[in-house]
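I opened a new notebook page for this structure. My entries follow the order in which I looked things up.

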Amino acid sequence: MIFDNSLENNSRNFSNDANENNILHPWKNNNFIRIQSFSKSSNNAITVQHSKETSIFTIEIADNPPAYLKYRQIDRSSIDLYTTVVPASLEGQGIAKILANAAFAFARENKLKIKPSCWYIDGYLKRHPQADLEILKLG
C-alpha cells in the first residue's frame, strides 16, 4: 500500500493505527534504529534502517517487499516527509506507524521541523499530535 499524495491509485483511508496498545522504544545503532514493540499477544523487534545519503527509512521483513518512508531536506532545519509505502502483505500491522515514529525520532534528535506532505503522515500527526515537534503547514 502506498501512502502518498502524489500517486493516483491511493484510495484507501487508514483511520486507525494497528497495534494501538504498543509501546515503542527507539534507540540508535549507526544507521539503524531498532524499535522494540510490545503488545499483549507478542514481543516483536523490527529494525528500521535509515540512510541519510538517500533520505529513506526502510523496514525489511522476510518474504515481503521493503516498507519505506522517504523524505527530502527542505533547508538546514526542515525536512519534508513526502511518501510512505507499505506492501499490501504487511498492511494493518503498524509498519507505517513504526516508520513515522523513526522519522519523528530523527527530527527530534536533529532539531528539524517536519513538513507532512505524505497524506498518511499528515493524518497520523492530526490523530497523534507531537507537541515537541514543529510541524510546517502545507501549502
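**Confidence first**

I began with pLDDT, the predictor's confidence in each residue, from 0 to 100. The protein chain has a mean pLDDT of 77, and 68% of its residues reach 70 or more. I noted that this is a predicted model, where local features need pLDDT of at least 70 and side-chain atom pairs count only at pLDDT 80 or more, while totals for chains, interfaces and linings use all residues. I also noted that residues are numbered from 1 along each chain as its sequence is written, and that side-chain values use heavy atoms, with hydrogens and water left out.

Where does pLDDT stay under 50? I found residues 1–30, with 82 contacts beyond four places in sequence; contact means heavy atoms within 4.5 Å. I also found residues 32–43, with 44 such contacts. Where pLDDT is low, the predicted coordinates should not be read in detail.

**Layout**

I looked up helices (DSSP runs of H or I, at least four residues) and strands (runs of E, at least two), both numbered from the N terminus. The protein chain has 2 helices and 8 strands. Along the sequence they follow β-β-β-β-β-β-β-α-β-α.

Next came burial: buried means under 20% relative accessible area, exposed over 50%, and partly exposed in between, with a 1.4 Å probe and protein chains only. Of the 139 residues in the protein chain, 43% are buried. I then took contacts between residues at least 6 apart in sequence, and 46% of them join residues at least 24 apart.

I turned to β7, residues 78–85. In this strand 7 of the 8 residues are buried, so β7 is largely enclosed by the rest of the structure. Two strands pair if DSSP finds at least two bridges between them. Strand β6 (residues 67–75) runs antiparallel to β7, with 7 bridges. A hairpin of 2 residues connects β6 to β7. Lys70 stands opposite Thr83 in β7.

On to β8, residues 113–115: this strand runs parallel to β7, with 3 bridges. Ile79 has Ile114 in β8 as its bridge partner. I recorded a right-handed β-α-β unit made by β7, α1 and β8. Right-handed means that, with the strands pointing away from the viewer, the path from the first strand over the helix to the second runs clockwise.

**Aromatic rings**

How many aromatic pairs does a search of the whole structure find? It finds 5. Rings of Phe, Tyr and Trp (its six-membered ring) pair if their centres lie within 6.5 Å; planes under 30 degrees apart count as stacked, over 60 as edge-to-face and the rest as tilted. One of the pairs is Phe57 with Phe106, edge-to-face, at 5.9 Å centre to centre and 70 degrees between the planes. Phe57 lies in strand β5 and Phe106 in helix α1, so the pair ties together parts 49 residues apart in sequence. Phe57 is buried at 0% relative accessible area. Phe106 is buried too, at 10%. Phe57, Tyr71 and Phe106 form one aromatic cluster.

**Towards the end of the chain**

Ser117 sits in the loop between β8 and α2. Ser117 is buried, with a relative accessible area of 16%. Its C-alpha atom is 9.1 Å from that of Lys137, 20 residues away along the chain.

Is α2 (residues 119–127) largely enclosed or open? I found 7 of its 9 residues buried, so α2 is largely enclosed by the rest of the structure. Among them are Trp119, Tyr120 and Leu125.
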